[in-house]
Amino acid sequence: GKPVVHETFTDDSWRTRWEVREGSVERQGAALVTTSDRATFVDLHQRLEGTIAVEYTGELLPDSPPCDISLVFSTRRQFARDVDLKDPAVDYSIQLGAFDASYSAIIANGPGRSEHVAYSDFRPESGRKYRIRIEILDRDLRVSVDGSTILTYQPTLPFNGGFISLHGFYRGKSFSDVRIFSLGMPQRVSATAIGDAFAVVGDHTHAREQYARVADVHADDALGDEARYKQGLSCAALGDHAAADSVWALVNPGPWRELSRLAQLDRQVADGH
């Protein structure tokens with residue numbers, strides 16, 4: 001469909017929709033180009049809801065140091081310079097040309113953690129224009145370059161809208177023809193949606209209660225197993241690991257049991273076992 005934002009950077013009207021939070025940029029022709037010797041972030045003011053797709057052309061201009069022509073997607077209410085480690089929201093750094101263009105990755109930055117959740121050998125080359133598309137679906141984040149998928153990630157909790165920021169590192173990172181699509185809020189949602197909404201904002205007490213209700217009603221099907229898995233995660237987040245193990249023991253054989261077992265292993269590793 002028609003993009004909700006189409007930025008051509010042919011004049012300075014883009015400044016009414018975007019803000020340079022860190023670093024510096026200048027317009028060059030129909031492109032926004034970084035001029036900082038460090039990181040630059042250009043935030044879109046508008047919050048995007050539901051299914052989101054972002055397309056843009058990225059280029060490492062000739063003679064510029066190799067690094068990011070990237071995008072950040074944040075589930076928090078707005079971007080902030082100082083991240084509150086107690087904030088349950090997550091920033092996903094979708095890095096095309098991470099660490100001096102040595103690879104590409106999706107890096108999740110959340111409460112007290114920063115981890116690579118997807119990796120690709122893709123390394124952008126200087127002087128070449130790439131058409132980048134990032135799709136943020138219900139439980140699926142996909143990144144493609146020139147029509148080929150290079151990164152995918154499926155989070156535990158569904159995406160629920162958020163903010164985006166263009167991210168270039170070092171000078172000479174060019175962004176042009178930015179098109180943003182958003183389908184808005186769905187009319188129908190999963191039975192776990194209420195629990196998911198509580199979990200996303202860190203209210204694990206109410207999330208646990210809602211997941212338990214779904215698990216009781218759907219005790220013998222996959223939806224019930226999903227609810228039990230997430231109920232266990234909420235119990236663990238509240239520090240009640242015995243309750244988490246009891247709930248996970250009820251998950252039927254299949255992918256949700258495997259995820260439950262992985263969650264238990266993660267805790268054991270964190271505890272030094």
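Predicted model: local features only at pLDDT ≥ 70, side-chain atom pairs only at ≥ 80, totals over all residues.
**View 1. Asp63 sits in the loop between strand E6 (52-60) and strand E7 (69-74).** The phi angle of Asp63 is near 70°, which is a positive value in a residue other than glycine. Is Asp63 buried or exposed? With a relative accessibility of 70%, Asp63 counts as exposed, because the cut-off for that class is over 50%.

**View 2. Phe99 belongs to helix H1 (residues 98-101).** Here is another residue with a positive phi: the value for Phe99 is about 50°, although Phe99 is not a glycine. The relative accessible area of Phe99 is 51%, so Phe99 is exposed.

**View 3. Seven strands form an open sheet in the order E2-E5-E14-E7-E8-E9-E10.** The pairing in this sheet is antiparallel. Which strands stand at the edges? They are strand E2 (18-22) and strand E10 (113-120). Each has a single partner strand, so one side of each has no neighbour in the sheet. On average, and ignoring direction, neighbouring strands of this sheet are turned by 20° against each other.

**View 4. Strand E5 (residues 39-44) pairs with E2 and with strand E14 (residues 163-169).** Four bridges link E2 and E5 in the antiparallel sense. Look for Val20 opposite Val42 in E5, and for Glu19, whose bridge partner in E5 is Asp43. Five bridges join E5 to E14, and these two strands also run antiparallel. In this pairing, Phe41 has His167 of E14 as its bridge partner. How many of the six residues of E5 are buried? The count is six of six, so E5 is mostly covered. In a regular strand, side chains alternate between the two faces of the sheet. Both faces of E5 are covered, with Ala39, Phe41 and Asp43 buried on one side and Thr40, Val42 and Leu44 buried on the other.

**View 5. Strand E8 (residues 91-97) lies between E7 and E9 in the sheet order.** E8 is mostly covered, with seven of its seven residues buried. E7 and E8 run antiparallel and are joined by four bridges; in this pairing, Val72 has Ser93 of E8 as its bridge partner. Six bridges join E8 to strand E9 (residues 103-110), again in the antiparallel sense. Along that pairing, Leu96 stands opposite Ser104 in E9.

**View 6. Leu96 is one of the residues that touch the most other members of the largest nonpolar core.** This core has 39 residues, and Trp18, Tyr56, Ile134, Leu141, Ile164 and Ile180 are also listed among those touching the most other members. What does Leu96 touch, leaving aside residues up to four places away in sequence? Its contacts include Tyr56, Cys67, Ile69, Phe122, Pro124, Ile132, Val143, Val145 and Ile150. Another core, of six residues, lies apart from the largest one; Tyr229, Cys235, Trp248 and Val251 are among its members.

**View 7. Helix H4 (residues 222-237) packs against helix H6 (residues 255-270).** Their axes are 9 Å apart and meet at an angle of about 10°, which makes H4 roughly parallel to H6. On the H4 side, the contact involves Ala222, Asp225, Glu226, Tyr229 and Leu233. These meet Trp256, Leu259, Ser260 and Ala263 in H6. By class, this contact has six nonpolar, one polar and two charged residues.

Terms used: Residues numbered from 1 in each chain as written. Heavy atoms only, no water. Axes fitted to C-alpha atoms, helices over the stretch in contact; angles between N-to-C directions. Parallel < 35°, antiparallel > 145°, perpendicular 65-115°, else oblique. Contact = heavy atoms within 4.5 Å. Nonpolar A, V, L, I, M, F, W, Y, C, P; charged D, E, K, R; others polar. Pairing = 2+ DSSP bridges. Core = buried A, V, L, I, M, F, W, Y, C linked by side-chain atoms within 4.5 Å. Buried < 20%, exposed > 50% of the residue type's maximum accessible area, 1.4 Å probe, protein only.
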